[in-house]
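Colleague: I would like to learn how to read a few surface and side-chain features. Please take them one at a time.

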Amino acid sequence: MTENEFDELWQRAEAEGYGQRLAAEYPAWQRKQKRIATVVTSLVLLVAVAVSLHTLLQRQPQPQNYEKVYCNRVGTDDAQWASLAAEMLME
């Protein structure tokens, strides 16, 4: 047997051992990759929902509470202000 043939046999035997080890570890590796992909997808969806909710909440105008109404017109009947307030609330 020549030195080249010995090296070739050695490399083939070494490669076969690596192949068997990789084949044995593949199912665990595949489960780990699926778990990582699931976590990353979940995080992306969570961020997308959070950003969309934040954007939606920022677009809606915040209601302002007007506790008092001032008018410089003397002699306006209170009933008129009550009807105006009712109309504004209905909108």
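Modeller: Start with patches: they are made of residues with over 30% relative accessible area and no salt bridge, where like charges are joined within 9 Å and nonpolar side chains (Val, Leu, Ile, Met, Phe, Trp, Tyr) within 5 Å. Accessible areas come from the Shrake-Rupley method with a 1.4 Å probe, and for residues only the protein chains shown count as cover. Here M1, F6, L9 and W10 make a nonpolar surface patch of about 510 Å².

Colleague: What should I know about the model and its numbering?

Modeller: It is a predicted model, in which local features need pLDDT of at least 70 and side-chain atom pairs count only at pLDDT 80 or more, while totals for chains, interfaces and linings use all residues. Residues are numbered from 1 along each chain as its sequence is written, and side-chain values use heavy atoms, with hydrogens and water left out.

Colleague: How many helices and strands does the protein have?

Modeller: Helices (H or I, at least four residues) and strands (E, at least two) are DSSP runs, numbered from the N terminus. The protein has two helices and zero strands. Helix α1 covers residues 3–59 and includes F6.

Colleague: What share of the residues is buried?

Modeller: Buried means under 20% relative accessible area, exposed over 50%, and partly exposed in between (1.4 Å probe, protein chains only). Of the 91 residues, 0% count as buried. The accessible surface is about 9,300 Å², and 60% of that belongs to carbon and sulfur atoms.

Colleague: How many salt bridges are found in the whole structure?

Modeller: Side chains of opposite charge can pair when their charged atoms come close. The criterion is a side-chain nitrogen of Lys or Arg within 4 Å of a carboxyl oxygen of Asp or Glu. The search finds two. In one, the closest N and O atoms of R12 and E8 are 2.8 Å apart; in the other, those of E25 and R21 are 3.6 Å apart.

Colleague: Why are R12 and E8 separated by about one helical turn?

Modeller: Because R12 and E8 are four residues apart in helix α1. E25 and R21 are also four residues apart in helix α1. R12 is partly exposed at 49%, and E8 at 47%.

Colleague: And the aromatic pairs?

Modeller: A pair of aromatic rings is described by the distance of the centres and the angle of the planes. Rings of Phe, Tyr and Trp (its six-membered ring) pair if their centres lie within 6.5 Å; planes under 30 degrees apart are stacked, over 60 edge-to-face, and the rest tilted. The structure has two such pairs. One of them, F6 with W10, is tilted, at 6.1 Å centre to centre and 35 degrees between the planes. F6 is partly exposed at 44%, whereas W10 is exposed at 54%.
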